[in-house]
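Reader: Hi! I have a structure open and I'm new to this. Could you walk me through it?
Author: Happy to, let's take a look together.

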Amino acid sequence: MTIWTEGLDFQALGERIRHSQAQELELEGVLGQRYIGAGLRDKRLRIRGVPGNALGAYMDGAQLRVEGNAQDAVGDTMNDGEIVVEGSCGDALGYAMRGGSIFVRGDVGYRCGIHMKAYREKQPRIVIGGRAGSFLGEYQAGGRILVLGLGLEEEQPPVGAFPAMGQHGGAIFLRCRRPPQDLPAQVTAKPADGEELRWLQGDLRDFCQRFGLDPEPLLADEYWCLRPNTENPYQRLYTPY
Amino acid sequence: MMREGQVHIPAGCAISGIISHDGSDIGGEDIVRSIAVMHDRSNGLGGGFAGYGIYPQYKEYYALHLFYDDERAKSACEAFIQAHFDVVNLSRIPTRKHKRIQNEPLLWRYFVQPLPTKLQESQLDEREFVARCVFRVNTDIPGAYVFSSGKNMGVFKAAGYPEDVGEFFRLEEYRGYLWTAHGRYPTNTPGWWGGAHPFALLDYSIVHNGEISSYDANRRFLEMFGYACTLLTDTEVITYLFDFLVRRQGLTLQEAAQVAAAPFWSQIERMEPAERERLTYLRNMFASLLITGPFSILLGFEGGMMALNDRLKLRSMVIARGSKRSYVASEECAIRVLDRETPVFSPEGGQPVILYAKRKEA
């Protein structure tokens, strides 16, 4: 079923989505309406236009696909489900995310994955096809972030300044030859290994499947994994991961 | 009502700008459509616009836009204006009745040139003379407030949602090469006409989303140079900061941006020696003009605009650079309503993006 969104404010659009009997919805002409898919458990939405901030906030099982760019705070505090963005996203994607998956074909802005967390079976993951801005994974407490840097120069790390600031749990994977030079003291960068490789391969295959890409050449590349230093007591204190 | 300093309002804002690169004029209705899309970022307590190139028939004259509380303030201010300026035209600023724009002050506009004798007597250059007269009115004449004082540009602002403010001021009747806009969600100070953005002095205007924590440090420094902050809002001080650095100190816009949103010392340490020295000099020389706290701003000036984020990029901003027109906005949707094609990008925190209208590039 198609919902023509022109002239609908966020509240009216949210009601249409929630009260629709259809499980599959197409939203046409979206222009800045916030909170699309917020708290949604069970529908599949295909979104054309520019969805507003907090797309999929608190989402709890729904599946969203955006045929273009999204704005700030995609998947804020998302609990379950999947968000796929064919374009790029703004700042604070996956803010305090606690479950589910976000796949972005293009770039993301600052503070992607800030305050992301995990608990037992709730293991959120974010895969970025392009480049991530500064403060990637700030205060990350759990879950996984993978940044591929597709289309970038090989020597260039696919992240801006200060990645993993305050990270105390979870893992960040970067496809690059050399790790970033401005890592905080409590974080270590090592080539992905063991269980990390298994996570990475699974996430990478899922990402490629969403966008019709061939995972094999990417699987053969080098990946650096940023994790809190296990000597650091804070990780054990807060996140028995 | 209670004004700045008497009441604290806990709280987003929206900014938008359009500039023409091909010499074509942009109608005021375009900027209104852009800012209207971000309605939810404002709360109806302030909206405003700055238009550049809108007064071609009076482009040699300073356009003073005034708010008056009452006729008494108007008489006092007009006496002051007559004593210091040659007034070639004066009129009410055209408005239309609007059900959501109320309690309007008296709105007047004057096209002026400093009186040659007064200017000579003052031993100031012309722009400094005008700036000082603006401060005189705003501090010394109760109930009178100059909210726009540049040449061939004008600010239009009010308490209300920006799209309503645009209708109220009949912006569709103006055309210019550059427009900026603001939708306000006041933090800390009450929403009233004077407190709305843009804040302007001469041809510099600022629209700002954010809340700076260095207000007092910046204000104390600028007050030493004669800038009177009359509104207790952070945006006012940013306007004066750029006026001071660019007009009075002769810094380039790029340098002024590197003062306001200076790189971190840890980043400066890793730079090449010459660049390290230059940035160290700027940080030391103008330490009190570092702006801390979240901001995204658009600085309008004659011939162009500069977009700048705080160095931590705590507020959103996207830019679409086209060959005919370029756009800057808090959200992509505010650009897409006018232009569906031109790709957007986000500048890094502290990296200014300076866009010139055709006139300057030519």
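Reader: What is the strand order in the open sheet of chain B?
Author: Good place to start, and keep in mind that this is a predicted model. The open sheet in chain B has 7 strands, ordered β8-β3-β10-β1-β16-β15-β17, and the pairing is antiparallel.

Reader: Which ones are the edge strands?
Author: Those are β8 (153–158) and β17 (344–345) of chain B, each of which pairs on one side only.

Reader: And how many bridges join β15 to β17 in chain B?
Author: There are 2 bridges between β17(B) and strand β15 (residues 318–321) of chain B, and the two strands run antiparallel. If you zoom in, you'll find B:Ala320 opposite B:Val344, which sits in β17(B).

Reader: Nice. Which strands does helix α1 of chain B lie across?
Author: Helix α1 (residues 28–37) lies across β1 (14–20), β3 (47–52), β10 (178–183) and β16 (325–329), all in chain B. Its direction is at about 145 degrees to β1(B).

Reader: New topic! Which residues have the most contacts inside the largest nonpolar core?
Author: A:Phe173 and B:Leu241 do, in a core of 184 residues. Helix α7 (residues 234–248) of chain B gives the largest share of this core, 7 residues.

Reader: What does B:Leu241 touch, leaving out residues up to four places away in sequence?
Author: B:Leu241 touches B:Asn218, B:Leu222, B:Ala260 and B:Leu289.

Reader: Last one: how many residues does each chain bring to the contact?
Author: Chain A brings 15 residues and chain B brings 13 residues. On the chain B side, 6 are charged, 4 nonpolar and 3 polar.

Note on methods. Residues numbered from 1 in each chain as written. Chains lettered and ligands numbered in written order. Predicted model: local features only at pLDDT ≥ 70, side-chain atom pairs only at ≥ 80, totals over all residues. Contact = placed C-beta atoms within 7 Å. Nonpolar A, V, L, I, M, F, W, Y, C, P; charged D, E, K, R; others polar. Core = buried A, V, L, I, M, F, W, Y, C linked by C-beta atoms within 7 Å. Buried ≥ 20, exposed ≤ 12 C-beta atoms within 10 Å, placed from the backbone. Helix = DSSP H or I, 4+ residues; strand = E, 2+ residues; numbered from the N terminus. Pairing = 2+ DSSP bridges. Axes fitted to C-alpha atoms, helices over the stretch in contact; angles between N-to-C directions.
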